[in-house]
Amino acid sequence: MPFADIIGHEREIEVLKRGILNNRVPHAFIFAGPSGVGKRTTAVAFAKALNCNRLSGDFCDECPDCLAIDNSLFVDVFLIEPKEPEYKGGAVDHVSGTIREEDITYIQQRLGYSSDKGNKKVSIIDGADKMNRFAQNKLLKTLEEPPLNSVIILISAHYTSLIPTVLSRCRRINFRPVRKDIISQYISDRLNISSGDADIIASLSSGSIGTALGMDREWTLNGRKQLIERFERLSIKNGDDILRFAEEVSKEEDIGDALEFLKIWYRDIALYLKGMGDMVINLDMLPFIKKHAQVFSFEKVFTGFTAIIEAQKDIAPPRYANKQLTMDNLFMKLLSQSQK
Ligand SMILES: [Zn+2]
């Protein structure tokens with residue numbers, strides 16, 4: 001998997017490649033951007049490109065060095081993260097998920113060994129914003145006097161929580177969510193599914209190829225549609241039906257998805273009412289959306305939308321409201337609004 005196989009971050013990768021080819025790789029980076037968009041994939045790829053013994057400015061993914069990096073067997077490339085369960089380097093706090101001072105000591109020791117093979121030593125800190133203040137101050141010393149031939153890559157979805165002195169010593173590369181059309185094209189080819197289905201999955205992927213590939217397709221495509229259709233068949237005059245539906249939805253493991261589907265359904269109708277039909281996610285239900293848009297006012301749809309968000313918060317920590325009760329109340333509210 002050379003750089004060209006990383007989808008949607010061509011500009012960012014170009015910067016990294018140029019650094020290698022011009023022999024001007026900064027000592028420290030921060031890969032910033034939302035979770036799941038490919039920061040860690042790119043960081044590991046970059047570590048390979050810095051050490052691949054076949055290619056320059058890219059990596060082959062076949063040579064012993066590339067394969068060793070993939071399998072965490074390459075002694076000069078190492079990754080720490082706050083949630084690693086079996087980590088032996090003293091680098092992990094299982095309880096609070098923080099990266100502590102001793103974790104940075106560990107990194108400093110590993111970066112301090114001189115590599116007998118002349119490798120580039122790469123330390124990746126995923127979830128860098130989980131470093132506590134002591135850890136950050138400790139890291140700062142390494143950033144101020146970086147060991148020879150070493151690169152530190154901080155990965156963070158919340159990089160502004162890092163102290164400014166750390167930030168100022170890192171070259172920031174911003175990763176944005178991958179564009180919907182790019183994800184759609186990619187998964188349509190890769191999974192051999194219709195472009196319509198791929199569009200829906202891409203819309204629900206939050207700009208992450210990994211999320212798009214990992215989705216339960218049957219549930220996302222058919223389960224979503226059936227759920228919305230069943231909800232729409234409910235009548236405010238039949239409280240028993242509503243209660244039964246609430247009971248079923250709250251029993252499901254995927255209650256989070258169910259609420260998300262419903263929220264996106266309301267969002268779609270609201271967008272359509274505002275003349276933004278091209279942003280609709282439930283593309284396979286467009287005729288249904290149009291029909292709704294003729295009957296509903298934007299205000300009503302928006303009130304429904306916010307009620308769904310409120311219900312999502314209610315059943316989540318720290319509120320942990322009773323799921324069935326919350327669903328029943330929500331459905332009653334939504335239906336009484338739309339069916340008066
Ligand atoms: Zn290689």
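Student: How do you know that strand 1 and strand 5 pair, and in which sense?

Tutor: This is a predicted model, in which local features need pLDDT of at least 70, side-chain atom pairs count only at pLDDT 80 or more, and totals for chains, interfaces and linings use all residues. Residues are numbered from 1 along each chain as its sequence is written. Helices (H or I, at least four residues) and strands (E, at least two) are DSSP runs, numbered from the N terminus. Two strands pair if DSSP finds at least two bridges between them. Strand 1 and strand 5 are joined by four bridges in the parallel sense, so they meet the criterion for pairing. In this pair, F29 stands opposite R171 of strand 5.

Student: What makes strand 1 and strand 4 a pair?

Tutor: Five bridges link strand 1 (residues 28–32) to strand 4 (residues 150–156), again in the parallel sense. A28 faces I152 of strand 4, and F31 stands opposite I155 of that strand.

Student: Why are strand 2 and strand 5 placed at the edges of the sheet?

Tutor: The open sheet has five strands in the order 2-3-4-1-5, with parallel pairing. Strand 2 (77–80) and strand 5 (171–174) each have a single partner strand, so one side of each is left without a neighbour in the sheet.

Student: Why is strand 1 called mostly covered?

Tutor: A residue is buried if 20 or more other C-beta atoms lie within 10 Å of its own, exposed if 12 or fewer, and partly exposed in between, with C-beta atoms placed from the backbone. Four of the five residues of strand 1 are buried.

Student: Why are helix 14 and helix 15 called roughly antiparallel?

Tutor: Axes are lines fitted to C-alpha atoms, for helices over the stretch in contact, and angles run from 0 to 180 degrees between N-to-C directions. Helix 14 (residues 298–315) and helix 15 (residues 323–338) pack at about 175°, with axes 10 Å apart. Angles under 35 degrees count as roughly parallel, over 145 as roughly antiparallel, 65 to 115 as roughly perpendicular and the rest as oblique. Helix 14 and helix 15 are therefore roughly antiparallel.
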